[in-house]
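Q: I would like to learn how to read a protein model, beginning with the overall picture and ending with a single residue. Could you take me through it?

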Amino acid sequence: MRTPSASGSHASFTGTHVNFNFNALEFCNSDRIILDSGASCHMTFDKDLLSDFTPLSHSETVQLGDGKTVHAKGKGKLNFDLLHDDGSTLSATLNNCLFVPELCCTLMSVRAATAHAKRTILFNGERAYLKKENGIIEGTGSLANGVYTLDCVLRKPGWGDRGTKSAPVSGQK
């Protein structure tokens, strides 16, 4: 099992903050995506989750809350299926997701997911809602032990199209 390297209240990525909560450590090495309102980049510790992986030509620094500095090694697309209460799914992608092997979890940046797309993410009690500009809910998240996680199933590259509709969660191409 990977040893968690996040041990403070936040981390920063080239001037970008990545919030960590000690409660989030239970999500280490899990198949969950943490909704992170403090991060401006999507990140994962698991290179196998990324399609179209590209090594970074220059090292990008991630500074953790305990002052430790680690480096992003590459980036790619992270594909997953959003789960709906009625049992249906919506295929989604986090574009430009950084591979940071020293992390112990996968983070979806609320900022990146909403910056270029006409979408909002609302946090309401124990639920989070990903809503398109027209108000249609694309996906949901759940609060567990003080951490919001996306209600989804991760898809490793090569799993193929599961016949679901597709929507980029990050507006970046």
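This is a predicted model: local features need pLDDT of at least 70, side-chain atom pairs count only at pLDDT 80 or more; totals for chains, interfaces and linings use all residues.

The dialogue below goes from the whole chain to its cores and then to one arginine.

Q: Which residues have the most contacts inside the largest nonpolar core?

A: One looks for buried nonpolar residues joined through their side chains. The largest such core here has 22 residues, and those with the most contacts inside it are Ile33, Leu78, Phe80, Met108 and Leu150. Several elements each supply at least two residues of this core, among them β3 (33-36), β6 (69-83) and α1 (110-115), while β7 gives the most, with five residues. Apart from this core lies another, of nine residues, including Cys41, Met43, Val62 and Val100.

Q: Does Arg119 count as buried or exposed, and why?

A: The cut-off for buried is under 20% relative accessible area, and Arg119 counts as buried because its relative accessibility is 10%. This arginine lies in strand β9 (residues 119-124).

Q: With which side chain does the side chain of Arg119 make a polar contact?

A: Such a contact is read from the distance between N or O atoms, and here the partner of the Arg119 side chain is the side chain of Glu138, at 2.6 Å. The C-alpha atoms of Arg119 and Asn134, which are 15 residues apart along the chain, are separated by 8.7 Å.

How values were computed
Residues are numbered from 1 along each chain as its sequence is written. Side-chain values use heavy atoms; hydrogens and water are left out. A nonpolar core is a set of buried Ala, Val, Leu, Ile, Met, Phe, Trp, Tyr and Cys residues joined through side-chain atoms within 4.5 Å. Buried means under 20% relative accessible area, exposed over 50%, partly exposed in between (1.4 Å probe, protein chains only). Helices (H or I, at least four residues) and strands (E, at least two) are DSSP runs, numbered from the N terminus. A polar contact is a pair of N or O atoms within 3.5 Å; within protein, one must be able to donate a hydrogen and the other to accept it, and residues adjacent in sequence count only if both atoms are side-chain atoms.
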